[in-house]
Amino acid sequence: MRRPRGRRPLPIRLLLLLASAAVLVAVDPACTGPATVRPLIPWLAPPAPNAIAHGVLVTPTGVVAPILASDRGGAWVRTPCFRLAWVKRGTRIDAADIVLDPGHGGPELGAVAPTGLEEKVPNLAIAQRVAVGLERDGQRVVTTRTGDAYYLTIRTRSEIVRALNPRLVLSIHHNAAGPPPRKGKPGTEVFHQRDSEPSRVLADHLAATIVDAFSRYDIAWSYEEGRAGAQVRISEDTGLDYYGILRYDGTIPTVITEAAFLSNPAEAELLATDAFRQTEADAIVAGVRAYLRDADPAPIAPPAFEPFPAGPPADAEDCRDPLLA
Ligand SMILES: [Zn+2]
């Protein structure tokens, strides 16, 4: 008997139906963020919860996500909220020389100046300028946060670092609750890792280049003897580095720059300008250059990373992931 024209045999139709179902995606009901999607029929099994990330995927929306497993159809990645997501497209980056980590983001504003300036804004703007400067030097740079509408848990930031195994990490912040302003030196603080000599050297260079660049501005700076320059901050509870992003085993030199005080209106006004942001970025680039000139160029092994939870918990209900695609 002849089949009606255009009708395929039943087994082929069933196969086609199955294939089209497989490319549909569905929101994972266990997660609140819109980005946490998985294939309806995943070709690649989800990775174990403690899977180690290798490389990052820059998704079509610009989000940087550590890759836990991948094949030609897509990748299982960690979202900014430290959830698991399946992403079908993006640009893969396997390694970086320098990771820049602009602090805060989205609803996590960081410090807020009396002028209304939210810390997350200059943190990102200056990180982007630092990236341009370092890339001109031929460095491969990845920035953990690429927009102001979302934030990342400390665990995700740390996992990006680990997945890229860079030579150094700069976490870019700005300060608050500073000492009373006075004419003289800026009170720039740069925090280094307790047990890492390279981290201390990097912090020394950065404190010197930032203070030197800021000293050209004739304003009253928040400054207090003993609370300025390169330093460590230790947790009274644990005896470890207070800041989560610094708590590695020390094989990747990491520092936090707190270059200017948003709590000082004069410094906040400067931080709102493009010219001052460029001054700070240039000073950070100069500090990194000075460090790399002296640093041992030998490649280092990936760190035995301990993903201490710090900052908001990884599964914070109020953490909303951005769209990944
Ligand atoms: Zn901050």
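**Exercise 1.** At roughly what angle do the axes of helix H2 (residues 120–136) and helix H6 (residues 274–294) cross, and within what distance do they come?

*Solution.* The model is predicted, so that local features need pLDDT of at least 70 and side-chain atom pairs count only at pLDDT 80 or more, while totals for chains, interfaces and linings use all residues. Residues are numbered from 1 along each chain as its sequence is written, and side-chain values use heavy atoms, with hydrogens and water left out.

Step 1: the two axes come within 8 Å and cross at roughly 50°, where axes are lines fitted to C-alpha atoms, for helices over the stretch in contact, and angles run from 0 to 180 degrees between N-to-C directions. Helices (H or I, at least four residues) and strands (E, at least two) are DSSP runs, numbered from the N terminus.

Step 2: this angle makes H2 oblique to H6, given that under 35 degrees counts as roughly parallel, over 145 as roughly antiparallel, 65 to 115 as roughly perpendicular and the rest as oblique.

**Exercise 2.** Describe the sheet and the elements that pack on it.

*Solution.* Step 1: an open sheet of 6 strands has the order E9-E8-E10-E15-E12-E14, with mixed pairing; two strands pair if DSSP finds at least two bridges between them.

Step 2: E9 (141–143) and E14 (229–231) stand at the edges with a single partner strand each, so one side of each lacks a neighbour in the sheet.

Step 3: E8 (residues 98–102) and E10 (residues 168–175) run parallel and are joined by 5 bridges, and Ile98 has Leu168 in E10 as its bridge partner.

Step 4: H6 packs on the sheet, touching E8, E10 and E15 (254–261), where contact means heavy atoms within 4.5 Å.
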